[in-house]
Amino acid sequence: MSDKLLNERELNFQLYEMLDTEALLQRPRYAEHDRAVFDATLETARGIAAEFLAPHNQKGDANEPTFDGEKVTLIPETKAAWNALAEAGFHAAHHDAEDGGLQLPEVILRSCVAYFSAANISTSGYSFLTIGSANLVKSFASDALRERFLPPMLDGRYSGTMALTEPGQGSALGDIRTTARPAADGSYRVFGQKMFISGGDHELTDNIVHMVLARIEGAPAGVKGISLFLVPKVLVNEDGSLGARNDVALAGLLHKMGYRNTTSTVLSFGENDGAVGYLVGEANKGLSYMFQMMNEARIGVALGASVLAYQSYIHALDYARERPQGRLPGSKDPLSTQVRIVQHADVRRMLLQQKVYAEGSLSLCLYASSLFEDSHTAPTEAEREDANELLDLLIPMVKSYPSKYGVIASDLGIQILGGSGYIREYPLEQYYRDNRLNPIHEGTEGIHGLDLLGRKLSQRGGKGYRLFLDAARASIAEAGTSKQCAGMAAALNDAVGILDQVSSDLLQQVAADVDLGLANATAYLDLFGRVVVGWIWLRQALVAERALEAGAEGSEADFYQGKLHAARYFMDWELASLASQARLLSAGNRLTYDMQDAWF
């Protein structure tokens with residue numbers, strides 16, 4: 001089976017042909033870098049992934065973390081991987097050089113994370129969470145808190161978490177019960193319990209920085225009364241030395257079907273005198289701050305789903321090319337040589353499906369990362385605002401499409417391998433189990449559907465939606481005069497028209513009856529996501545066509561022909577069901593809304 005982590009040619013295509021990442025070198029923040037720096041960083045990431053992450057992926061899955069009542073034990077390879085990532089500077093890679101960072105673009109960092117996640121999604125989760133929580137500290141904490149906690153988070157001495165969910169509350173953050181009581185020294189005492197906290201306890205680092213949502217006593221009800229607190233596992237003295245253990249206790253480990261080497265914890269805050277916590281930013285604005293980490297995590301979860309889909313595709317393709325079985329239907333000689341299963345049309349169908357899901361999702365996630373970059377470093381304020389607006393609209397699809405279709409890609413991989421797909425000697429069954437968590441991580445499809453239709457679509461006068469339509473129609477116009485892409489452009493144009501009509505109809509339904517209007521929001525999210533990925537595939541096809549016209553030969557020509565064929569497949573098969581789905585949505589189909597509890 002394959003030992004590849006990602007297709008390097010594919011990643012270069014996405015970074016340098018689709019996104020023109022080299023153009024970032026013209027921006028002042030990256031003026032001292034060059035393409036060689038970007039490539040060397042990616043090479044370092046690939047090497048660490050191969051040496052320190054991939055070898056224990058299955059071992060970590062088979063040997064879950066344990067808790068003896070006092071400490072959590074992980075397989076030792078986890079610590080070695082953490083140290084390798086920290087020593088190479090990846091926890092600080094996107095931070096300014098003056099803060100100890102490598103001052104790299106967001107899209108380069110996320111491409112490195114793609115290697116780590118492809119090698120070992122569970123172990124890389126600790127770094128993923130630490131990067132996000134350190135960004136929160138950097139963006140919103142006071143100077144004193146940044147000085148005390150940020151340097152050790154960036155150099156790997158401390159790790160970080162996000163602590164939102166509570167037992168019985170799930171995603172209903174407006175109902176959280178964790179409370180914070182002001183203390184005489186200006187800090188707070190935090191009381192409550194959090195659940196499903198990834199990386200919530202371990203011995204990888206000297207300290208764990210929990211970013212906790214809680215309600216200050218007397219705060220308004222609902223989301224308007226939520227504040228954000230920095231609550232360390234171990235108290236830190238003013239000189240940076242470690243003090244006493246904080247009143248944060250591990251109540252137990254949760255045992256998951258996937259991501260098994262990432263601890264999933266139930267944490268109790270304040271079982272004794274209260275956990276010492278420090279208010280981050282202003283009181284009652286905690287959820288708005290946490291959305292920064294949540295949105296970063298949504299792109300990150302989607303990227304993880306994409307690379308797990310890609311791993312499933314790579315392994316299934318290698319197996320299909322090696323495995324002899326059966327003969328083509330037209331062969332009547334039972335003594336003829338068996339063919340490799342890649343020669344069977346139905347196997348190629350499944351591989352093609354995997355390819356469009358995996359490569360479409362990866363391209364979408366890296367595009368979202370480039371929008372994140374543009375929202376911070378684009379040359380003009382108008383460009384930064386537009387990038388932020390478009391990214392805000394697309395986040396629900398960025399999170400949900402790879403998470404949903406990545407699982408399908410992993411499932412198809414199992415199917416291609418047949419019986420070998422569901423036995424542990426092959427990695428496909430683990431990829432499926434790992435990937436199945438992603439439609440739930442960082443907001444379920446249902447939550448993102450409500451967010452998209454109930455808020456994102458119409459916010460700020462629908463500016464983000466119009467920006468997407470303009471971008472999609474610009475690509476359609478560009479492809480309309482193309483030899484190989486004109487037909488695909490016409491198909492996407494029809495899909496965009498369907499999307500626009502459905503969006504208008506649903507907004508009217510929501511205005512008339514919000515509960516009924518949002519009843520089919522998840523189906524709308526799926527429809528929108530497929531249109532967005534259709535646009536992504538048209539853009540890939542245009543790049544491929546230009547490369548072929550420029551004289552690409554040999555394996556390079558095969559690569560670009562594969563892009564064109566996959567794009568055609570997406571337009572012909574994946575967009576084909578939009579019309580029937582749209583009819584149900586535009587008609588305001590009530591079947592799910594009218595179903596009664598007693599009828600199940």
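**Reading the labels on a predicted model**

Author: Leave aside the neighbours of Leu-450 within four places in sequence. Leu-450 is then in contact with Arg-455, Leu-518 and Ala-521. Contact means heavy atoms within 4.5 Å. This is a predicted model, with pLDDT of at least 70 needed for local features and 80 or more for side-chain atom pairs, while totals for chains, interfaces and linings use all residues. Residues are numbered from 1 along each chain as its sequence is written, and side-chain values use heavy atoms, with hydrogens and water left out.

Reader: Where is Leu-450, and why is it called partly exposed?

Author: Leu-450 sits in helix H12. A helix is a DSSP run of H or I with at least four residues, a strand is a run of E with at least two, and both are numbered from the N terminus. The relative accessibility of Leu-450 is 43%. Buried means under 20% relative accessible area, exposed means over 50%, and partly exposed is in between (1.4 Å probe, protein chains only). Leu-450 has 43%, so it counts as partly exposed.

Reader: What makes H12 roughly perpendicular to H16?

Author: The angle. The axes of H12 (residues 445-456) and H16 (residues 521-549) cross at roughly 80° and come within 8 Å. Roughly perpendicular covers 65 to 115 degrees; under 35 is roughly parallel, over 145 roughly antiparallel, and the rest oblique. So H12 is roughly perpendicular to H16. The axes are lines fitted to C-alpha atoms, for helices over the stretch in contact, and angles run from 0 to 180 degrees between N-to-C directions.

Reader: Which residues make that contact, and how do they divide by class?

Author: H12 brings Glu-445, Gly-446, His-448, Gly-449, Leu-450, Leu-452 and Leu-453. H16 brings Ala-521, Thr-522, Tyr-524, Leu-525 and Phe-528. Seven are nonpolar, four polar and one charged. Here Ala, Val, Leu, Ile, Met, Phe, Trp, Tyr, Cys and Pro count as nonpolar, Asp, Glu, Lys and Arg as charged, and the others, Gly among them, as polar.

Reader: What makes H9 roughly perpendicular to H17?

Author: H9 (residues 345-377) and H17 (residues 554-574) pack at about 95°, with axes 10 Å apart. That angle makes H9 roughly perpendicular to H17. The residues of this contact include Tyr-357 of H9 and Phe-570 of H17. By class there are six nonpolar, three polar and five charged.

Reader: How many aromatic pairs are there, and what is the rule?

Author: The count is 18. Rings of Phe, Tyr and Trp (its six-membered ring) pair if their centres lie within 6.5 Å; planes under 30 degrees apart are stacked, over 60 edge-to-face, and the rest tilted.

Reader: Why is the pair of Tyr-310 and Tyr-313 called edge-to-face?

Author: Their centres are 5.8 Å from each other, and their planes stand at 90°. The plane angle passes the edge-to-face cut-off. Both residues lie in helix H8 (residues 286-322), three residues apart, about one turn. Tyr-310 and Tyr-313 are both buried.

Reader: What makes Tyr-524 and Phe-528 an edge-to-face pair?

Author: The centres are 5.8 Å apart and the planes 70° apart. The two residues are four apart in helix H16, so about one helical turn separates them. Tyr-524 and Phe-528 are both buried. Ring pairs also link them into a cluster with Tyr-367, Tyr-465, Phe-468 and Trp-535.

Reader: How do you know that Thr-205 is buried?

Author: The relative accessible area of Thr-205 is 10%, so Thr-205 is buried. Thr-205 lies in the loop between strand S5 (188-198) and strand S6 (207-216).

Reader: What makes Thr-205 and Ser-159 a polar contact?

Author: Their side chains meet at 3.1 Å. A polar contact is a pair of N or O atoms within 3.5 Å; within protein, one must be able to donate a hydrogen and the other to accept it, and residues adjacent in sequence count only if both atoms are side-chain atoms.

Reader: Why does Glu-106 count as buried?

Author: Glu-106 has 6% relative accessibility, so it counts as buried. Glu-106 lies in helix H5 (residues 106-119). Its side chain makes a polar contact with the side chain of Arg-110 at 2.8 Å.

Reader: Why does Phe-196 count as exposed?

Author: Phe-196 is in strand S5. Its relative accessibility is 51%, so it counts as exposed.
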